[in-house]
Amino acid sequence: MIIAVDGPTASGKGTIAKALAAHFGLPHLDTGLLYRAVGRQVQLNDGDPNNPADALAATHFLDALLLDDFLRSEEVGGLASRVSVHPAVRQALYDRQRAFVEQPGGAVLDGRDIGTVIAPEAEVKLFVTASVEARARRRWLEMTGREIEIPLAEIEQDIVRRDARDINRKDAPLKAAPDALILDTTSFDKEQAIEAAIEAVKERL
Ligand code: C5P
């Protein structure tokens, strides 16, 4: 069984994908980490994430970087969203994601284009979304918990900018596959979101 979980930043898609993988006993790939590793490598190279050649050069030797402490930072998230615009970068990461999809027994992948480009054959496609306000608040609570002080308004602006870049890019934009089930988690807490996702998968089986 292949489960594709797509959605915008801080929608809860990562939490949901991880919980589905544990519940159904499947391996999980957070594809955002691949783009984050490319963004981080551009930064280490002193490159420009908007330059396709710099971004493509950064797609080599990503494995060591997947353990990098900075990968989950907002700064690297922003770099990831810039490098992910370039078709050559998306192509360079395609085979690796396909190999994960094709492993025997199935898999759960989360990202932006799993149901549309990476695994259009997935048996279950979820598009997880929530209001900008709810997503900003979640991210703010998470960062405050890690003792990172940042105004809520700043996080909200960053989310709006990142959404716009992901939705408006030409290659593999963020959008729900026509056969995806839309899961709006605005009024859900973490447990409710996970429960709704597990029920949705069961209904599709
Ligand atoms: O999900 P996460 O916030 O870690 O993703 C970081 C960035 O990587 C996203 O804003 C998006 O631009 C890009 N991305 C993508 N396609 C994916 C996963 C992530 O373009 N499948």
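This is a predicted model: local features need pLDDT of at least 70, side-chain atom pairs count only at pLDDT 80 or more; totals for chains, interfaces and linings use all residues.
An angle of 65 to 115 degrees between axes counts as roughly perpendicular.

**Entry 1: helix pair.** I looked up how helix 2 and helix 4 pack. Their axes lie 7 Å apart, at an angle of about 100°. Helix 2 and helix 4 are therefore roughly perpendicular to each other. I then listed the contact by class and found 7 nonpolar, 4 polar and 3 charged residues where helix 2 meets helix 4. On the helix 2 side I wrote down Gly 32, Tyr 35, Arg 36, Val 38, Gly 39, Arg 40, Val 42 and Gln 43. Helix 4 meets them with Val 76, Gly 77, Leu 79, Ala 80, Arg 82 and Val 83.

**Entry 2: domains.** I checked the domain assignment, which gives domain 1 as 1–27 + 107–205 and domain 2 as 29–102. Their C-alpha centres are 19 Å apart. For the contact between them I have 17 residues of domain 1 against 14 residues of domain 2. On the domain 1 side, strand 3 (107–111), helix 6 (114–118) and helix 8 are the elements that give two or more residues. I sorted that side of domain 1 by class and got 7 nonpolar, 3 polar and 7 charged residues.

**Entry 3: ligand.** Which residues come nearest to the ligand? I counted 14 residues around the ligand, with Gly 32, Tyr 35, Ser 81, Ser 84 and Gly 111 nearest. By class, I found 7 polar, 5 charged and 2 nonpolar residues in this shell. Three helices each supply at least two residues of the shell: helix 2 (32–44), helix 4 (74–83) and helix 8 (152–168). I also asked where the ligand lies relative to the domains. Domain 1 and domain 2 both give residues to the shell, so the ligand lies between them.

**Entry 4: annotation.** I looked up the UniProt record, an unreviewed entry, which annotates residues 3–202 as "domain: Cytidylate kinase". I checked this span in the model: residues 3–202 are 53% helix and 11% strand. The end C-alpha atoms of the span lie 11 Å apart.

Notes
Residues are numbered from 1 along each chain as its sequence is written. UniProt positions are given in the numbering used here, feature names are shortened, and annotations may be inferred rather than shown by experiment. Helices (H or I, at least four residues) and strands (E, at least two) are DSSP runs, numbered from the N terminus. A residue is near a molecule or strand if its C-beta atom, placed from the backbone, lies within 6 Å of it. Ala, Val, Leu, Ile, Met, Phe, Trp, Tyr, Cys and Pro count as nonpolar, Asp, Glu, Lys and Arg as charged, and the others, Gly among them, as polar. Domain bounds come from an automatic or database domain assignment. Axes are lines fitted to C-alpha atoms, for helices over the stretch in contact, and angles run from 0 to 180 degrees between N-to-C directions. Angles under 35 degrees count as roughly parallel, over 145 as roughly antiparallel, 65 to 115 as roughly perpendicular and the rest as oblique. Two residues are in contact if their C-beta atoms, placed from the backbone, lie within 7 Å.
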